[in-house]
Amino acid sequence: MELLGTESGRVPKCYSMDMSTDFIPMSVFSESKQASGRVSVEGKIYHKFDMKPHNENMEEYGKLCRERTNKYMTKTRQIQVIDNDKGAHMRPMPGLIPIRPLSQNEKRKTPVKGSDTKRTRRDRGEMEDIMFKLFERQSNWTLKHLISETDQPEQFLKDLLKDLCIYNNKGSNQGTYELKPEYKRSTEEQEQEQEPPSK
């Protein structure tokens, strides 16, 4: 088969046509725009032909194919300088982003507490004094209440509590912290020292 016309580039003009002898079940379909995209079968294909350039054109045709592939593989990105640097064009306008319902997995995820990042750690010695005063007021505390009382990062408090307190897993005070016995004695002694002597 020979192509007619003078086409620019290195497109080969002469091709060999190979007819496949195997029966390949293929059909021709058409889509009608008038009948709102209705697809219908136009016919069946019984003979399939493959075209390949003649051997003398194979090297040129190979180069052409590589160039074509490289052309479509390279992404053309454009850099544009924006005059308006207020950033209004980057903010999503109301109604542009569709609000979708949360999936089951997203509902189960607990939100990460950002309040810890705002809390600043105090000196450890100062914090120990504060903790002893809190435990003088009340013998059992939950971690949540201690965080709200001291306004300290959760991990810092946990490390401190590990050294000073016992965590109650069972009983009526389950889920709370209380001072270790050695610290309880010292606080009781301090209380006795602070009390005025009886007359």
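This is a predicted model: local features need pLDDT of at least 70, side-chain atom pairs count only at pLDDT 80 or more; totals for chains, interfaces and linings use all residues.
## Overall fold

The chain contains 6 helices and 6 strands, and, read from the N terminus, its elements follow the order β-β-β-β-α-α-α-α-α-β-β-α. Among contacts between residues at least 6 apart in sequence, 48% connect residues that are at least 24 apart.

Of the 199 residues in the chain, 16% count as buried.

## The largest nonpolar core

The largest nonpolar core is made up of 17 residues, and those with the most contacts inside it are M131, F135, L146, L157, L161, L164 and C165. At least two residues of this core come from each of α3 (124-137), α4 (143-150), α5 (154-164) and β6 (177-179).

L146 is one of the residues with the most contacts inside the core, and, when residues up to four places away in sequence are left aside, L146 touches M131, L134, F135, W141, D151, L157 and L161.

## The packing of α4 against α5

The axes of α4 and α5 lie 10 Å apart, and the two helices pack at an angle of about 115°. Because angles of 65 to 115 degrees count as roughly perpendicular, α4 is described as roughly perpendicular to α5. The crossing of these two helices, α4 and α5, is right-handed.

On the α4 side, the residues that take part are L143, L146, I147 and T150, and they meet E154, L157, K158 and L161 in α5.

Methods: Residues are numbered from 1 along each chain as its sequence is written. Side-chain values use heavy atoms; hydrogens and water are left out. A nonpolar core is a set of buried Ala, Val, Leu, Ile, Met, Phe, Trp, Tyr and Cys residues joined through side-chain atoms within 4.5 Å. Buried means under 20% relative accessible area, exposed over 50%, partly exposed in between (1.4 Å probe, protein chains only). Helices (H or I, at least four residues) and strands (E, at least two) are DSSP runs, numbered from the N terminus. Contact means heavy atoms within 4.5 Å. Axes are lines fitted to C-alpha atoms, for helices over the stretch in contact, and angles run from 0 to 180 degrees between N-to-C directions. Angles under 35 degrees count as roughly parallel, over 145 as roughly antiparallel, 65 to 115 as roughly perpendicular and the rest as oblique. A crossing is left-handed if the near helix is turned anticlockwise from the far one by less than a right angle, and right-handed if clockwise.
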